[in-house]
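Have the sequence and the 3D view open side by side, and let us take the tour together.

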Amino acid sequence: ISIALACALGSPVAYALTDISPYVTAGVEHNSNVFARPGDEPPFAAAGNNDLGDTITRYLAGVNADFAWDRDRLRLNAEGARFNYNRFSLLDHDESKFGGDFSWHLGPVLDGSLAYTQARTMTALADTLSTQLELQTDKIGTATVRVLFTPRWRFDLVPRWHELQTPLPLF
């Protein structure tokens, strides 16, 4: 009797799902042309350096987290990386990425999401026409609102903010 009474009087419960996935990796790569230059144009011709190749060691650690409540969901991620160059140690650097996405629902008619990502990475040496290390920061924010007017008609509003902070070559 007490179980039946508890079931009859109990309020509905929103169950949450949590999934956290950490990861770690390391790798070694040999790049025969680190600076992505034509073979007849060495990066340090004045110094007499004709070798464009280098061995790069990369260490990476990160975590992905996913939280869900009924139809709402929060996803978070963070990642850090270390790059060590064997020959061109002036290019040793750290990179990072992180972000999140929250998807929400207010009934069958109104839903949306908020998302943000930020990445700090090395600018590709082929794009900068430089031999020096340059780091760029890329930030993106998005907000989405969806309104369902009829089963066939829906209104979506998706404003987006994007900021890229990249240094000028040789400055």
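Which residues form the largest nonpolar core? Twelve residues belong to this core: Val34, Phe35, Leu52, Ile56, Leu60, Ala81, Phe83, Tyr85, Phe88, Leu91, Met122 and Leu125. A nonpolar core here is a set of buried Ala, Val, Leu, Ile, Met, Phe, Trp, Tyr and Cys residues joined through side-chain atoms within 4.5 Å. Buried stands for under 20% relative accessible area, exposed for over 50%, and partly exposed for what lies in between (1.4 Å probe, protein chains only). In soluble globular proteins, nonpolar side chains tend to be buried together.

Before going further, a word on the ground rules. You are looking at a predicted model, in which local features need pLDDT of at least 70 and side-chain atom pairs count only at pLDDT 80 or more, while totals for chains, interfaces and linings use all residues. Residues are numbered from 1 along each chain as its sequence is written, and side-chain values use heavy atoms, with hydrogens and water left out.

Now step back to the overall fold. The protein has two helices and eight strands, and from the N terminus these elements follow the order α-β-β-β-β-β-α-β-β-β. Helices (H or I, at least four residues) and strands (E, at least two) are DSSP runs, numbered from the N terminus. Of the 171 residues in the protein, 25% are buried. Among contacts with a separation of 6 or more, 53% are between residues 24 or more positions apart, where contact means heavy atoms within 4.5 Å. The accessible surface comes to about 11600 Å², and 59% of that belongs to carbon and sulfur atoms; accessible areas come from the Shrake-Rupley method with a 1.4 Å probe, and for residues only the protein chains shown count as cover.

Val34, Phe35 and Met122 are among the twelve residues of the largest nonpolar core. Strand E2 (54–69) and strand E3 (72–85) each supply at least two of the core residues, and the largest share, three residues, comes from E3. Alanine 81 is one of the core residues. Leaving aside neighbours within four places in sequence, alanine 81 is in contact with Tyr59, Leu60, His93, Asp94 and Glu95.

Next, turn to the charged side chains. How many salt bridges does the structure hold? There are five, a salt bridge being a side-chain nitrogen of Lys or Arg within 4 Å of a carboxyl oxygen of Asp or Glu. Aspartate 111 pairs with arginine 146, and their closest N and O atoms are 2.8 Å apart. This pair links distant parts of the chain, with aspartate 111 in strand E5 (residues 110–122) and arginine 146 in strand E6 (residues 135–148), 35 residues apart. Aspartate 111 is buried, at 14% relative accessibility. Not counting residues up to four places away in sequence, aspartate 111 touches Trp104, His105, Thr144, Val145 and Arg146.

Another salt bridge joins arginine 75 and aspartate 66, at 3.9 Å from N to O. Arginine 75 is partly exposed at 39% relative accessible area, whereas aspartate 66 is buried at 17%. Arginine 154 and aspartate 156 also form a salt bridge, with the closest N and O atoms 2.9 Å apart. Salt bridges that share partners also join Asp66, Arg73 and Arg75 into one network.

The aromatic rings are our next stop. Rings of Phe, Tyr and Trp (its six-membered ring) pair if their centres lie within 6.5 Å; planes under 30 degrees apart count as stacked, over 60 as edge-to-face and the rest as tilted. By this rule there are two aromatic pairs. Phenylalanine 98 and tyrosine 116 have ring centres 6.3 Å apart and planes at 45°, so this pair is tilted. Phenylalanine 98 lies in strand E4 (residues 93–106) and tyrosine 116 in strand E5, so the pair ties together parts that are 18 residues apart in sequence. Tyrosine 116 and tryptophan 161 have ring centres 6.4 Å apart and planes at 10°, so that pair is stacked.

Finally, look at the outside. Val145, Phe149, Trp153, Phe155 and Leu157 form a nonpolar patch on the surface, with about 570 Å² of accessible area together. Patches are made of residues with over 30% relative accessible area and no salt bridge, like charges being joined within 9 Å and nonpolar side chains (Val, Leu, Ile, Met, Phe, Trp, Tyr) within 5 Å. Leucine 157 lies in strand E7 (residues 154–157) and is partly exposed, with a relative accessible area of 46%.
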